[in-house]
Amino acid sequence: MGTNESHLFRYPEAIKEEFLAGADIVLRDGTRVAPAEIWAYLTEEGPAKYPHIYDQSNYFGRRISGDVGLSYALKANYLLMTMNDRISRAKARGVPVVFVQGGQSVDPYYAAGAIGLRPASTGIWARRKETGLSRNEEDLRGQKRRQKAYNEISIEVCNSAGYEHIQDGLAVDMIAPFSCLRCSDVSYGLEAHRHGQRQDVKLLLIDYPLDHQRDKEWAITYFADNLRRLTRSIDELTGRTTTADDLSAEIKLHNEGRRLAVEIADLWWSAPVPPTNGKDRRDIFQMGGMEVHADPTASLSVLREARDLIAKRVETGVHGLGVATDASRIFICGSCVSPNEYRVEQAGGIIVGNDNHWSDITTIVEETGDPYYNLAKAILSYPYEQPIKERARWTAEQIKKSRADGVLFLYKWGCNTQSAAARMIVDEIKAQTGLPTLIIEDDMQRSQTEQMHNRISAFIEML
Amino acid sequence: MALNALELIYKRLRERPQELVEARANGAKVVGFQAYNLPEEVIYALGLIPVRLGSGGDGDLVEVGGRYISTKNCVYVRSTVGLFAENTDPYIVNSDIVAFDATCLQTFRTAEVVQYYFNREVIILGVPRNFYLQEAHTYFAAELRHFVSRLEAISGVTLTRERLADSIALYNGIRDAIVRIYPYQATKNPAISWEQVFDVIQAGYVLDRREYLGLLESLLAELVQQRGAPVIGGEDDEARIFISGSTIPPGDKKLISIMQELGGRIVGDDLWSGLIPYVDVQIEDATLEALASAYLNRTPHGALPYLELATDRRIKRLKELITTFKANGVIYHTLRYCDPYTFKAKETKDILEKEGIPLLELHTEYAGSDFEAIRTRVEAFVEMVKLRAESEEAA
């Protein structure tokens with residue numbers, strides 16, 4: 001099926017002048033990208049290369065929101081669309097790409113001079129290598145590729161974690177995820193590569209100790225040793241030596257991103273009516289993880305702009321596009337599942353927060369002392385990875401801050417560890433907040449998407 | 001000829017629940033555990049009674065457990081949670097403390113559920129995933145020290161070198177006896193079947209360990225007396241099946257009974273509920289550090305990832321055991337949602353294919369709904385293995 005141009009989004013000329021007056025994006029290599037260049041890309045080159053991104057189908061949850069007054073969102077789109085171009089340039093300069101998984105921060109990967117990519121970003125990079133596809137074509141290719149992973153590993157893999165892309169030749173140099181309680185597939189998915197066609201990719205597991213790990217000195221020391229091993233392994237690819245100062249500098253940079261995201265969240269949550277829609281909210285909050293654009297420096301410049309813009313919207317009472325003034329506020333727990341935020345809004349709700357990929361952002365790393373130890377201690381302190389009651393206590397705090405009216409716990413089919421924790425977490429949250437909760441299962445093959453949205457709609461109606 | 005020691009083991013198993021009730025009434029404390037890398041030696045050394053918890057094969061327990069954990073957890077885990085929910089199993093009822101290790105993340109979650117919903121006193125032993133690194137051994141030794149300190153507080157006993165040395169010697173004796181008994185089931189016209197040896201191994205989960213060692217020694221003496229040294233082998237056209245993959249706990253008889261019915265003879269396994277935990281434990285000293293290292297140096301459990309195929313000791317040991325027990329086919333048993341073993345099924349099949357060993361993966365659970373499907377597949381596999389054996393013999 002070809003692209004139906006009438007369904008494609010176009011950035012309106014009316015916003016051009018104001019957008020061009022904005023700030024540049026500063027990339028990690030020092031390059032500056034001026035708004036004029038971004039505008040040209042988003043309105044000319046982008047639609048030709050990646051028409052599927054401009055698709056406006058109601059069923060496309062990642063579609064461009066249309067809230068075009070959010071200049072930072074245009075810049076974030078630009079960064080996502082140019083992922084392949086930028087990574088290819090970096091690789092040509094000898095920068096290795098390292099696959100990351102486990103929900104932890106990417107500070108050590110960048111400190112060692114690599115690009116750290118999580119599964120979603122790895123998928124975006126792979127998909128940006130193909131141009132001219134409609135959403136349907138792009139979607140079908142993705143599904144077909146993912147079958148390779150299911151065939152090679154197991155049908156019970158909840159998340160193929162980019163296996164298919166890497167084994168098909170995507171130029172990832174090293175696969176170095178964190179093991180964690182969050183996901184049991186990480187370790188086995190990593191191990192599966194040893195049997196794959198490609199044998200030129202380095203494999204390393206950063207071993208995350210479990211059970212009150214943040215309170216055990218020996219666990220922190222062990223994890224710090226794992227982080228040192230990680231940077232040494234990346235050094236073998238780059239030929240340089242990562243110093244403690246390199247890691248300290250990276251931690252400072254990432255801390256600024258984390259702090260900005262938390263500041264933005266507090267601003268966003270403080271507004272009587274949300275200043276953006278749910279999709280734009282999720283994009284900014286998650287930017288604090290400093291990973292989504294494969295360039296933390298670029299993410300930081302977008303975050304700074306976002307903070308100012310959100311503050312202005314909250315101050316002046318501007319509402320997010322399409323957000324009802326009386327929308328039911330939903331907080332989402334669990335992993336790897338994001339409903340189509342637009343459809344949630346059509347049903348009268350709005351997603352106001354997630355615990356996944358948020359607990360790492362809210363954890364600031366100590367900046368003085370041994371950076372490996374500090375980073376290890378911070379990562380082992382992520383609320384999401386703590387014993388049930390502690391995780392639930394933190395989640396309840398976030399729910400209260402977000403002023404949510406209801407809580408959904410979502411997990412993917414085949415996700416052993418989040419599904420196992422689901423009932424305990426919601427029971428504890430219910431006890432601490434008194435809010436209604438609902439557990440819903442989804443799957444990576446999207447065969448249950450409509451069921452999920454039916455249930456969410458019913459939940460919102462009940463609220 | 002009957003084996004008296006075997007009969008005695010079955011008898012003592014029936015008597016054990018009441019014995020535990022009486023022991024507890026006399027002040028003894030029982031540590032129920034479910035783990036793969038927990039050195040039982042430390043529990044015994046502190047005067048506590050170790051009892052391995054868990055059973056399989058009961059679909060109702062799986063359903064009950066699913067209410068608290070999830071339907072995306074393996075049936076063994078769900079069944080374990082079901083046991084705690086029902087609270088009628090004598091070993092669950094009589095456990096004063098419950099210990100788990102973090103080898104399998106689903107076991108870790110089981111520990112959380114048991115603590116949260118059933119208010120049990122739970123102790124967890126952290127297990128490193130990078131088990132082959134020196135720093136992992138240091139971490140695991142520290143975890144073990146922490147674990148022991150909690151048991152010491154419960155038992156009121158301090159773990160001395162002497163106590164630990166005695167316990168290690170006892171457990172070394174048990175491991176040695178099991179390794180020596182095991183080959184008898186793989187001989188021609190065996191005096192003991194694999195299924196019976198499997199029962200004997202699992203009897204050791206609950207029986208008093210010192211008495212258990214005595215029973216094993218008696219059984220071994222009878223086998224030696226009846227058969228002399230074991231000579232592994234069988235009929236020329238025999239389907240000699242090796243079982244690998246997910247755990248088959250006490251009570252899970254589905255696959256075993258299908259195999260018996262269809263004339264496939266199980267002659268070996270590398271299951272964690274079977275032979276493998278007893279095979280290569282080399283404890284160099286009566287210290288927690290040595291104990292920790294010895295456990296990590298064993299053939300690794302499937303939940304601990306190893307990133308280099310060529311040097312993977314699990315694969316190496318699997319091939320060795322298949323050769324030792326002269327198996328000519330492998331049934332790779334995986335429980336639904338048992339990721340540690342399910343994710344390795346295709347890889348294991350590919351590896352063994354290169355060695356000319358056929359592998360059938362059976363992906364199952366405790367419900368009876370797939371009984372006939374499994375029967376059909378096993379029947380075809382056994383027939384194929386027999387035909388191959390016959391044609392190889394003819395050639």
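Modeller: The model is predicted. In chain A, four strands form an open sheet with parallel pairing, in the order 4-3-5-6.

Colleague: Which are the edge strands of chain A?

Modeller: An edge strand of this sheet pairs on one side only. With the order 4-3-5-6, the edge strands of chain A are strand 4 (115–117) and strand 6 (202–203).

Colleague: Which residue in strand 4 of chain A does Val98(A) stand opposite?

Modeller: Strand 3 of chain A spans residues 97–99, and three bridges join it to strand 4 of chain A. The two strands run parallel. Within strand 4 of chain A, the residue opposite Val98(A) is Gly116(A).

Colleague: Which residues touch the most other members of the largest nonpolar core?

Modeller: The largest nonpolar core has 226 residues. Those that touch the most other members are Val98(A), Phe223(A) and Ile181(B).

Colleague: Leaving out residues up to four places away in sequence, which residues does Ile181(B) touch?

Modeller: A contact here requires C-beta atoms within 7 Å. With residues up to four places away in sequence not counted, Ile181(B) touches Val197(B), Val200(B), Leu216(B), Leu219(B), Leu220(B) and Leu223(B).

Colleague: Which element gives the most to the side of chain A that touches chain B?

Modeller: The contact takes 38 residues from chain A and 36 residues from chain B. On the side of chain A, the elements that give two or more residues are helix 9 (185–192), helix 10 (217–238) and helix 17 (416–433). By class, that side has 20 nonpolar, nine polar and nine charged residues. With eight residues, the element that gives the most is helix 17 of chain A.

Colleague: What radius of gyration does chain B have?

Modeller: Chain B has 16 helices and eight strands, and its C-alpha atoms fill a box of roughly 65 × 50 × 45 Å along the principal axes. A compact globule of 395 residues would have a radius of gyration near 21 Å, so the value for chain B agrees with that rule: 21 Å.

How values were computed. Residues are numbered from 1 along each chain as its sequence is written. Chains are lettered from A and ligands numbered from 1 in the order in which they are written. This is a predicted model: local features need pLDDT of at least 70, side-chain atom pairs count only at pLDDT 80 or more; totals for chains, interfaces and linings use all residues. A nonpolar core is a set of buried Ala, Val, Leu, Ile, Met, Phe, Trp, Tyr and Cys residues joined through C-beta atoms within 7 Å. A residue is buried if 20 or more other C-beta atoms lie within 10 Å of its own, exposed if 12 or fewer, and partly exposed in between; C-beta atoms are placed from the backbone. Two residues are in contact if their C-beta atoms, placed from the backbone, lie within 7 Å. Two strands pair if DSSP finds at least two bridges between them. Ala, Val, Leu, Ile, Met, Phe, Trp, Tyr, Cys and Pro count as nonpolar, Asp, Glu, Lys and Arg as charged, and the others, Gly among them, as polar. The radius of gyration is taken over C-alpha atoms; the globule rule is 2.2 Å times the number of residues to the power 0.38.
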